[in-house]
Amino acid sequence: MGIGVGLGLADFPFSDARAFWRWVDLCEEGGVDSLWQTDRLVSRQPILECMSAMAAIAGRTRRIKFGMNVASVGLRDPLLLAKQCATIDVLSEGRLLPAFGVGSPRGPEWQVRGEAFDKGARRTNEGLEILSRLWSEEKVSFEGEFYAMKDASISPRPVQDPLPLWIGGSSRAAIRRTAKWGTGWQAGGEAPEEVAPVVVAIREAAEAEGRPFDPEHFGTGLNARFGSWDEPLVAKAADAQMKRTGRDPRRQWAVGGRDDILARIAAFVDAGISKFILRPMGRDDEEIMAQTRRLVEEVIPAAEALRGERAAA
């Protein structure tokens with residue numbers, strides 16, 4: 001089993017754009033596998049719009065892959081989203097890793113739009129079908145509850161064939177979604193013991209659909225910090241996460257020294273996860289850079305070496 005480790009951002013923790021590009025350049029030059037931008041359209045804290053960020057990163061870099069973790073399909077027009085993804089994949093020469101979901105039921109977007117979360121979930125199901133078909137078919141006709149189109153086509157289509165389609169969420173509906181349209185699955189704030197049964201359920205559901213599902217295409221994202229849970233930065237972020245999601249970050253985040261971070265990664269590997277998005281935590285530009293350097297130098301090579309240990313086992 002191959003283990004891949006990318007880095008991500010949950011918000012925009014930098015003082016300005018120059019600091020952000022310094023971080024991107026560090027990741028590109030440091031051999032990081034991929035970069036991931038969290039999607040949130042409504043927030044008081046600074047957060048980049050994920051599709052715009054992907055396009056910008058495509059132009060800045062030449063090697064690194066990039067994706068969104070995860071983009072809410074129910075909040076976007078699927079025809080435009082399919083075209084955006086295809087364009088970014090073409091111009092980056094096949095480096096886009098699109099990941100989609102409904103979004104959090106606690107997210108403010110639904111209240112702002114005056115919509116119920118379950119309506120967004122049904123819209124997401126239609127959107128995922130439209131996306132997957134537009135990327136692979138010459139003409140697409142569709143008639144649904146929310147969308148209708150006749151003989152729609154996009155060109156150029158993505159360089160990657162098929163274009164990866166990672167899906168997030170651990171509900172029964174998300175499992176069905178992943179089995180029906182996904183080529184990969186991204187966990188959210190689940191702990192390792194919560195991830196394991198979802199991995200099994202997706203494999204079984206995909207088999208029932210008659211679709212192959214790569215065992216190396218199960219991933220998760222988690223905050224990472226060389227430091228202590230008692231630090232004000234970590235304690236404040238953990239408290240906010242607990243209030244927002246109802247999940248205890250101590251069961252999911254990787255905080256401590258190198259060995260603590262690797263132990264958390266190993267626990268997820270044992271639960272069936274092989275792809276990771278580590279989000280470095282820092283108080284300012286320089287601390288984010290320092291944390292990232294340590295992840296690149298101390299954690300990522302050791303995490304990727306786990307594949308040999310697991311293969312031997």
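Residues are numbered from 1 along each chain as its sequence is written, and side-chain values use heavy atoms, with hydrogens and water left out. Because the model is predicted, local features are reported at pLDDT of at least 70 and side-chain atom pairs count only at pLDDT 80 or more, whereas totals for chains, interfaces and linings use all residues.

Strand β13 spans residues 275-280, and five of its six residues are buried, so this strand is largely enclosed by the rest of the structure. Here, buried denotes a relative accessible area under 20%, exposed one over 50%, and partly exposed a value in between, computed with a 1.4 Å probe on protein chains only. Strands (E, at least two residues) and helices (H or I, at least four) are DSSP runs numbered from the N terminus, and two strands are taken to pair if DSSP finds at least two bridges between them. On this basis β13 runs parallel to strand β1 (residues 4-9), to which four bridges join it, with F276 of β13 as the bridge partner of V5. Strand β11 (residues 218-226) is likewise parallel to β13 and is joined to it by six bridges, and L222 has L278 as its bridge partner in β13.

Strand β9 (residues 166-168) runs parallel to β10 through three bridges, and I167 is placed opposite W185 of β10. Together with helix α6 (residues 172-181), β9 and β10 form a right-handed β-α-β unit, where right-handed means that, with the strands pointing away from the viewer, the path from the first strand over the helix to the second runs clockwise.

Within strand β11 lies N223, which counts as buried at 13% relative accessibility. The side chain of N223 makes a polar contact of 3.0 Å with the side chain of R279; such a contact is a pair of N or O atoms within 3.5 Å, of which, within protein, one must be able to donate a hydrogen and the other to accept it, and residues adjacent in sequence count only if both atoms are side-chain atoms. When neighbours within four places in sequence are left aside, N223 is in contact (heavy atoms within 4.5 Å) with W253, A254, R279 and M281. Not counting residues up to four places away in sequence, T124 touches V73, G74, G101, V102 and R177.

The second largest pocket has a volume of about 220 Å³ and is lined by 16 residues, of which D33, W36, L97, W166 and K275 lie nearest its centre. Two or more residues of this lining are given by each of β1, β2 (34-37) and β13. Grid points are joined across faces, edges and corners, and the volume is the space filled by probe spheres set on them.

Several backbone features were also identified. A cis peptide bond, with omega about 0°, joins S155 and P156. P156 is situated in the loop between β8 (148-152) and β9 and is partly exposed, with a relative accessible area of 44%. Apart from neighbours within four places in sequence, P156 is in contact with K83, A86 and V90. Another cis peptide bond, with omega about -15°, joins N69 and V70, and V70 belongs to the loop between β3 (65-68) and β4 (71-72). A positive phi in a residue other than glycine is found at E93, where phi is near 60°; E93 lies in the loop between α3 (78-91) and β5 (96-97) and counts as exposed at 69% relative accessibility. Phi is also positive at D151, near 55°, a residue of strand β8 that counts as partly exposed at 44% relative accessibility.

Methods. On a 1 Å grid over the protein atoms alone, a cavity is a set of points where a 1.4 Å probe fits but cannot get out, and a pocket is an open set with protein on both sides within 12 Å along at least five of seven lines; lining residues have an atom within 4 Å of a point.
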